[in-house]
Each structure stands twice: as C-alpha cells, then as structure tokens.
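Good morning, colleagues. I would ask you to look first at the structure on the screen, and then to follow me through a few of its residues and helices.

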Amino acid sequence: MNPIKNLLTIIISPKKGWDKISCEDISAEKLSSTLLYPILGVFAAIVFLLEIKFTGQRSESGIEKAIQYASIAFIQFFSTYFLISFIVKKLFKKYDIQKCNIYLLYIISTTTIFYTIMTIFSSYINYIAPLSLFIIYYAWTGYKYIDIGADKTDAVFVVTTSTMVLMFPIIISLILRTLLTLI
C-alpha cells in the first residue's frame, strides 16, 4: 500500500493503521524517501512561502530569512529522525532497529503534518496540546508493531520515543535559530 495512505489510516484509526503496516514489508530507507522526505519538503516549502514577502525590491523581500527558516524547518525533523534512531538503537537493543525506524518515520511524519497545520493556521492556533497527546497515543498504539507478541506495552520505550519526537524538533529549531542570530 501507499505509505501516504497508511499514514492517513493511522491518523484516522491508529490501531487499524498499525495493523496494516504490520502486514507490509518495506524498508526504512524506502519509507523515508516515499513518506518523510516529501512531507518535510512540503513543510519547508510552506514555511518559505509564508516567510517571503513579495515586494518590488529584493532587499525588502526577506528571501534570505525565508530560505533560512525553510532550511530549519526541514533540518529540525530530518535530524530528529536520525538522532532518535541512534538513541533508540543504543538504549533499546532488544527491539528490531528496522521496525523501530519505521515506527519512528510514521510518528515523525505525523508530527511534521501537525507542525505544517500549525504553521499554516498560526494566527488561529498557537500550539495544539491535544495533538501532542495524540502523538503519545499514536506511539502507544504503534508499540504492538514493534513488539508483536507483547502482552503489555513497554511504557518506558513509548514515553521516551514520543517525548523525543515532540521535544527534539523544538530544541533543534531553537538551537539553529539562535545560531542564525549569532552569525
């Protein structure tokens, strides 16, 4: 099935979506190129378009700032995926890293979609706390994909990964924006 359709199925019905994903055989590399990278590209393009001001003079358009912020938008989630993947690989050695990466790709893609919605509707929505709770629920229901035979969900794994998915993009963005002001 199409990874975008899987993502939409997971967003609408997490349990059903994770069951569908459990039946599929796809590598994390292929999934990242067909799901995460296009979503990150759309997010970066939206940030760019919202930051640029179309004026007669280039100096007033803010194109440099728009490019910088679009780059930060892409990098914050791109680096979040690889950073969390590395941490999970080191901390949770009992889990299959390929399944963990697929799990992370879907969760980070969903988080990116939420950030895109918040960026587009920034004047109406400051921060959507219930969506953060949805990410935790989403990660909780997806745990069965990681450990199929488990009777109980590993709360430490779910809380750790979902907290990293929610916090790392913010931290990375703050670091990069701080570096921009220093340069």
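This is a predicted model: local features need pLDDT of at least 70, side-chain atom pairs count only at pLDDT 80 or more; totals for chains, interfaces and linings use all residues.

Leaving aside residues up to four places away in sequence, Phe157 touches Val88, Phe92, Tyr95, Cys100, Tyr103, Tyr143 and Ile146.

Phe157 also belongs to the largest nonpolar core, which has 46 residues. Together with Trp18, Tyr103 and Tyr106, Phe157 touches the most other members of that core. Two or more residues come from each of α1 (3–12), α2 (14–23), α3, α5, α6, α7 and α8. The most is given by α6, with eleven residues. In soluble globular proteins, nonpolar side chains tend to be buried together.

I turn now to helix α5, which covers residues 63–91 and has 29 residues. From its first C-alpha to its last, α5 reaches 41 Å, close to the 42 Å expected at 1.5 Å a residue. Which residues of α5 are buried? They are Ala66, Tyr69, Ala70, Ile72, Ala73, Gln76, Phe77, Thr80, Tyr81, Ile84, Ser85 and Val88. The cover over these buried residues includes α3 (28–51), α6 (97–120) and α8 (155–182).

My last stop is Thr141, found in helix α7, residues 129–146. Is Thr141 buried or exposed? Thr141 is buried, because its relative accessible area is 10%, and the cut-off for buried is under 20%. Its side chain reaches the backbone oxygen of Tyr138 at 3.0 Å. Not counting residues up to four places away in sequence, Thr141 touches Pro14, Lys15 and Trp18.

Thank you for your attention.

Definitions and conventions:
Residues are numbered from 1 along each chain as its sequence is written. Side-chain values use heavy atoms; hydrogens and water are left out. Helices (H or I, at least four residues) and strands (E, at least two) are DSSP runs, numbered from the N terminus. Buried means under 20% relative accessible area, exposed over 50%, partly exposed in between (1.4 Å probe, protein chains only). A polar contact is a pair of N or O atoms within 3.5 Å; within protein, one must be able to donate a hydrogen and the other to accept it, and residues adjacent in sequence count only if both atoms are side-chain atoms. Contact means heavy atoms within 4.5 Å. The expected span of a helix is 1.5 Å times one less than its number of residues. A nonpolar core is a set of buried Ala, Val, Leu, Ile, Met, Phe, Trp, Tyr and Cys residues joined through side-chain atoms within 4.5 Å.
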